[in-house]
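User: I've got a model open and want to talk through its packing and its charged pairs. Can you take quick questions?

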Amino acid sequence: MSQGRVTFKRVVTIIYVLFIHVLAVAFVVERFVLPRIDLSEAPPATVSDPTIVTAVPTPIPVPSEFYEPTPDNTSNIQVPETTLNPGGSLRLIIPVAGIKSEQLQDTFTAARSDGRVHDAIDIMAPAGAPVLAAADGKIVKFHDSVPGGITIYEQSDDGKYVYYYAHLQRRADGLNVGDTVRQGTTIGYVGDTGNAGPGNYHLHFSLFEVTDPKRLWQGNNINPFPLLKNAVR
């Protein structure tokens, strides 16, 4: 029994001594060896490339999202669809020679003195430019006045409409009330008579639907601008 106890004590002593030595070695390494190691030469850590994100373009808005439609400038009545049909009764041409549709401006609803609305369009043109019959019809009235100057009233062949030409320099030679004219016939010349203003040469052109055959100068005004923009060439 005594011999066994001696052997056990020796084993415990050896283990204890080895443990002390391990602790001592670890202390020495941590305190003196590791601080002397130069880590500046160590290779950088490898970092994976970030994921590439593909940009998604912003959708382009469709016209309905930002487009505000132009308000209808027809004043007193709507132009019947048949009038825009090539076979309709209002197949018009631009009533001034040399003027193209892109030169026209819609002045139908423009304000005038005394709170009036224009109810016509002004077609700017050089002085003396031929004024043409906008459609087939009959010359029904000549009238000279302070506001309109030298004017002509033409009634359509079917009697439904009147074309009014104002601020003329003069009427065409030989033209008389009662004459039948064909579309494109020269009936007068662009001027600045009436209240147009000196040098403000243009044709005041209006169109109205006849409501009283005895008062052709009074009727339902129709905006001629859309008709002239689609005028027969």
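User: Starting with Asp-136: what does it count as, buried, partly exposed or exposed?
Analyst: This is a predicted model, so take each value as computed from it. Asp-136 has 24% relative accessibility, so it counts as partly exposed. Buried would need under 20%.

User: What does the side chain of Asp-136 meet in a salt bridge?
Analyst: Arg-182, at 3.2 Å, N to O. Asp-136 sits in the loop between strands E2 and E3, and Arg-182 in the loop between E6 and E7, so the pair ties together parts 46 residues apart in sequence. Arg-182 is exposed, with a relative accessible area of 52%.

User: How many salt bridges does the structure hold?
Analyst: It holds 3. One of them joins Arg-171 and Asp-144, at 2.6 Å, N to O. Arg-171 lies in E5 and Asp-144 in E3, so this pair ties together parts 27 residues apart in sequence. Asp-173 also forms a salt bridge, with Arg-170, and their closest N and O atoms are 3.2 Å apart.

User: How exposed are Asp-173 and Arg-170?
Analyst: Asp-173 counts as exposed, at 68% relative accessibility. Arg-170 counts as partly exposed, at 34%.

User: Back to Arg-171. Which ring face does it lie over?
Analyst: That of Phe-142, at 4.3 Å from the ring centre. Lys-141 has a ring under its charged end as well: Tyr-153, with 5.2 Å to the ring centre.

User: Rings, then. How many aromatic pairs does a search of the whole structure find?
Analyst: It finds 2. Tyr-153 and Tyr-164 make a tilted pair, 4.7 Å centre to centre with 45° between the planes. Tyr-153 is in E4 and Tyr-164 in E5, so the pair ties together parts 11 residues apart in sequence. Both residues are buried.

User: And Tyr-165 with Phe-205: why is that pair tilted?
Analyst: The ring planes are at 55°, so the pair is tilted; the centres are 5.4 Å apart. Edge-to-face would need planes over 60 degrees apart. Tyr-165 in E5 and Phe-205 in E8 are 40 residues apart, so this pair links distant parts of the chain. Tyr-165 is buried at 0% relative accessible area, and Phe-205 is buried at 0% too.

User: New topic, the core. Which residues touch the most other members of the largest nonpolar core?
Analyst: Ile-123 and Tyr-165, out of 35 residues in that core. Strands E1, E4, E5, E7 and E8 and helix H3 each supply at least two of its residues. The largest share is 4 residues, from E5.

User: What does Ile-123 touch, leaving out residues up to four places away in sequence?
Analyst: Pro-95, Val-96, Ile-99, Leu-104, His-202, Leu-203, Phe-205 and Leu-228. Apart from this core lies another, of 7 residues, among them Val-162, Ala-166, Val-210 and Leu-216.

User: Where does Ser-206 lie, and is it buried or exposed?
Analyst: Ser-206 lies in E8. Its relative accessible area is 3%, so it is buried. Beyond residues up to four places away, Ser-206 touches Asp-119, Ala-120, Val-162, Tyr-163 and Tyr-164.

User: Last, the whole chain. How many helices and strands?
Analyst: There are 3 helices and 9 strands. Along the sequence the pattern runs α-α-β-β-β-β-β-β-β-β-β-α. Of the 233 residues, 32% are buried.

User: What share of contacts with a separation of 6 or more comes from residues 24 or more positions apart?
Analyst: They account for 62% of those contacts.

Definitions and conventions. Residues are numbered from 1 along each chain as its sequence is written. This is a predicted model: local features need pLDDT of at least 70, side-chain atom pairs count only at pLDDT 80 or more; totals for chains, interfaces and linings use all residues. Side-chain values use heavy atoms; hydrogens and water are left out. A nonpolar core is a set of buried Ala, Val, Leu, Ile, Met, Phe, Trp, Tyr and Cys residues joined through side-chain atoms within 4.5 Å. Buried means under 20% relative accessible area, exposed over 50%, partly exposed in between (1.4 Å probe, protein chains only). Contact means heavy atoms within 4.5 Å. Rings of Phe, Tyr and Trp (its six-membered ring) pair if their centres lie within 6.5 Å; planes under 30 degrees apart count as stacked, over 60 as edge-to-face and the rest as tilted. A charge sits over a ring if NZ of Lys or CZ of Arg is within 6 Å of the ring centre and within 35 degrees of the ring normal. A salt bridge is a side-chain nitrogen of Lys or Arg within 4 Å of a carboxyl oxygen of Asp or Glu.
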